[in-house]
Amino acid sequence: MKFMNTKRFASTVMAGVLTLSLAVPAFAASTQPKNSTVVEGTYKEIPIAVEVPTTGTAQINPYGLPVTITKSDDKTVSLVGQKITTQPLSIKNQGTTKLDVNASVTVATKGDVSIGTTAGTDKTIAVSLEVAPMNDETLAVASDSEKLADLLIDKFADAASWKNAAKVNVTAADTAADSANTLAVLGAVTPKAEGFNYSKNSIALFRLTGDLAAEPVDGSSAADPWKETDGFTATVVFKFTPHADVAASVTLDKTTLSLDSTTNSNGTITATFDAGESGLTVTGYAWTSSAPTVASVAGTTVTGAVTYVTAGTANITCTATLSDGSTVTSSACVVTCA
């Protein structure tokens, strides 16, 4: 039995030796540098959390007559004055990243309808996509709020909501019209234990609107009334990209200023503040000169008064202190003193 155990042990050892001998050539063949890490990079889609409706309803409404919408409490509001009347539609950011919104629109016609940049006397209609970003604290509600849908209906029916809406005009049927600029910025949401809270600007309304003849005529100028077979199918494709905030900044109205000791010994420089998307204001301005023995500067407002001292060159800088205590600084104005 001892002999058999020794023989079995020897077989085990030999198996281990064979395994090692096979592994050595594989390791030797590797071209990876010593003490290196190889990282494989592949694309994997990261979904953007935006709620986009899959369908919508619009109607050709030649006289812009009121179209009634009923809310959850059975109260009604009317969509008025729209020759293309769209039922309420909205897009909602449901993620923690602020997003830019772009879109393209393609329109396919039905019946005798054609698409043009302006309405015709016939059944040529002008179609546009309008996107109206919201900025209202009443919309900063929980994601499961039962009142949100009714709030959006009220906003949709309010003409003031569309006053500064961005627009994409469709130029021809079956031709995609793309937004050249960002149509809206959707604010990020705030997560909570269950669900999230919308920000005041997490939602944007959108609709199709346009112009058309109330009483169209055909090519021979004969009456050609609108029929139920006349219409269109519009496809709106939204694109969402992370938004880069525009920071507060201050700029000067002059990049150079020339002074001399006789006829032009004084000058002024004016600063312009741009809050960007910061929501901040300026609490104070400070003006400095890199060479006060050449040109001095005084002022605590948007205007700095520069005075010639002696020949040379100086850089004048304006620093604005903001309402949150931070500062922004202008590009320097180069002053040449002759």
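**View A. The pocket linings.** A pocket is an open set of points on a 1 Å grid over the protein atoms alone, with protein on both sides within 12 Å along at least five of seven lines, and its lining residues have an atom within 4 Å of a point. The model shown is predicted, so local features need pLDDT of at least 70 and side-chain atom pairs count only at pLDDT 80 or more, while totals for chains, interfaces and linings use all residues. Residues are numbered from 1 along each chain as its sequence is written, and side-chain values use heavy atoms, with hydrogens and water left out.

The second largest pocket, with a volume of about 200 Å³ (the space filled by probe spheres set on the points, which are joined across faces, edges and corners), is lined by Lys-98, Pro-133, Met-134, Asn-135, Ala-184, Val-185, Asn-201 and Glu-277. By class, this lining divides into 4 nonpolar, 2 polar and 2 charged residues, where Ala, Val, Leu, Ile, Met, Phe, Trp, Tyr, Cys and Pro count as nonpolar, Asp, Glu, Lys and Arg as charged, and the others, Gly among them, as polar.

The largest pocket has a volume of about 490 Å³, and of the 24 residues that line it, Gly-56, Thr-57, Ala-58, Leu-208 and Ala-234 are the closest to its centre. Its lining is made up of 12 nonpolar, 9 polar and 3 charged residues. At least two lining residues come from each of strand 2 (58-60), strand 15 (203-211) and strand 16 (231-242), and strand 16 supplies the largest share, 6 residues. Strands (E, at least two residues) and helices (H or I, at least four) are DSSP runs numbered from the N terminus.

**View B. Aromatic rings beside one another.** A search of the whole structure finds 4 aromatic pairs, a pair being rings of Phe, Tyr or Trp (its six-membered ring) with centres within 6.5 Å, called stacked if the planes are under 30 degrees apart, edge-to-face if over 60, and tilted for the rest. In one of them the rings of Phe-196 and Tyr-198 have their centres 5.1 Å apart and their planes at 90°, so this pair is edge-to-face.

**View C. The largest nonpolar core.** Which residues have the most contacts inside the largest nonpolar core? They are Ile-91, Ile-125, Val-127, Leu-129 and Phe-240, in a core of 30 residues. Such a core is a set of buried Ala, Val, Leu, Ile, Met, Phe, Trp, Tyr and Cys residues joined through side-chain atoms within 4.5 Å. Strand 7 (99-110), strand 9 (124-133), strand 10 (166-169), strand 12 (184-186), strand 15 and strand 16 each supply at least two residues of this core, and the largest share, 5 residues, comes from strand 7.

View D. Is Gly-231 buried or exposed? With a relative accessible area of 8%, Gly-231 is buried, whereas Thr-241, at 29%, is partly exposed. Thr-241 and Lys-98 are 143 residues apart in sequence, but their C-alpha atoms are 8.5 Å apart in space. For Gly-231 and Leu-79, which are 152 residues apart in sequence, the C-alpha to C-alpha distance is 19 Å.

View E. Most residues other than glycine have a negative phi. Asn-35, in the loop between helix 1 (2-28) and strand 1 (50-51), has a positive phi near 60°, and Asn-35 counts as exposed because its relative accessibility is 77%. Phi of Asp-74 is also positive, near 70°, and Asp-74 lies in the loop between strand 3 (67-70) and strand 4 (76-79), where it counts as exposed at 63% relative accessibility. Thr-300, in the loop between strand 21 (295-298) and strand 22 (303-308), is exposed with a relative accessible area of 62%. From Thr-300 to Thr-319 there are 19 residues in sequence and 9.9 Å in space, C-alpha to C-alpha.

Conventions
On a 1 Å grid over the protein atoms alone, a cavity is a set of points where a 1.4 Å probe fits but cannot get out, and a pocket is an open set with protein on both sides within 12 Å along at least five of seven lines; lining residues have an atom within 4 Å of a point. Buried means under 20% relative accessible area, exposed over 50%, partly exposed in between (1.4 Å probe, protein chains only).
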